[in-house]
Amino acid sequence: MNNQSDMDSSEFLHSLWYVSRSLMRFVHKAALENDLSIPQYSLILAIAPHKEMTQKQIGEKLQIPKSTLSQAVDGLVQAGWLYREPVQDNRREIQLILSEKGVALFEKMSAQKGSIHQTIQSVMDTLTKKQCTEIQTTLLHIADFIEKETNTKEIQKND
């Protein structure tokens, strides 16, 4: 018998889907409230803790198509929330830097009553540090496993 003998895969999948759907509703609402597209909102959330990242790093982190990422970056640059600069030793790579205005936007979004940050922190406050770490490790394991399975199936399909 497998590790999840008490829970079948459809129940497990439903719980993951429910969390994902709830998060996406939250993100959609927050993006709209801040006059951002979902990719722009996601980009601000991803880059803010680092203040700057390469466009390639952001693309890998967010897992969105290059054209969608490029449009999001263009909109954020035009709004003055982000700067674009070529990487010093690699002119083909672009460094994305959060402007002061972008930092202020992130801080405003984080401080908004019921923001995703506050909500996730509230969830984390109900758990022990060990539980939080275990959940994060488990979710990353699931994501990596699914990603590997998807890549394996794509390779087999193309053979």
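**Helix packing and its surroundings**

Modeller: Met24, Val27, His28, Ala30 and Ala31 of helix 1 meet Ile38, Tyr41 and Ser42 of helix 2, where contact means heavy atoms within 4.5 Å. The model is predicted, so local features need pLDDT of at least 70 and side-chain atom pairs count only at pLDDT 80 or more, whereas totals for chains, interfaces and linings use all residues. Residues are numbered from 1 along each chain as its sequence is written, and side-chain values use heavy atoms, with hydrogens and water left out. Helices (H or I, at least four residues) and strands (E, at least two) are DSSP runs numbered from the N terminus.

Together with Leu43, Ile44, Ile47, Ile58 and Leu82, Tyr41 has the most contacts inside the largest nonpolar core, which has 25 residues. Such a core is a set of buried Ala, Val, Leu, Ile, Met, Phe, Trp, Tyr and Cys residues joined through side-chain atoms within 4.5 Å. At least two residues of this core come from each of helix 1, helix 2, helix 4, strand 3 (90-98) and helix 5 (100-111). Helix 2 gives the most, with 5 residues. Leucine 82 is in contact with Leu43, Ile47, Val73, Leu76, Val77, Leu96, Ile97, Leu98 and Ser99, leaving aside neighbours within four places in sequence.

Glutamine 40 is also found in helix 2 (residues 38-47). Glutamine 40 counts as buried because its relative accessibility is 13%; buried means under 20% relative accessible area, exposed over 50% and partly exposed in between (1.4 Å probe, protein chains only). A polar atom of the glutamine 40 side chain lies 2.9 Å from the backbone nitrogen of serine 37. Not counting residues up to four places away in sequence, glutamine 40 touches Ala72, Gly75 and Leu76.

Helix 1 (residues 9-33) also holds glutamate 33 and lysine 29, which are 4 residues apart, about one turn of the helix. Glutamate 33 and lysine 29 form a salt bridge with their closest N and O atoms 2.8 Å apart, the term meaning a side-chain nitrogen of Lys or Arg within 4 Å of a carboxyl oxygen of Asp or Glu. Glutamate 33 is partly exposed at 44% relative accessibility, while lysine 29 is exposed at 51%.

By this rule the count comes to 3 salt bridges. In one of them, aspartate 74 and arginine 84 meet at 2.7 Å, N to O. Because aspartate 74 lies in helix 4 (residues 66-78) and arginine 84 in strand 2 (residues 82-87), this pair ties together parts that are 10 residues apart in sequence. Aspartate 74 is partly exposed at 29%, and arginine 84 is partly exposed at 38%.

Technical notes:
A polar contact is a pair of N or O atoms within 3.5 Å; within protein, one must be able to donate a hydrogen and the other to accept it, and residues adjacent in sequence count only if both atoms are side-chain atoms.
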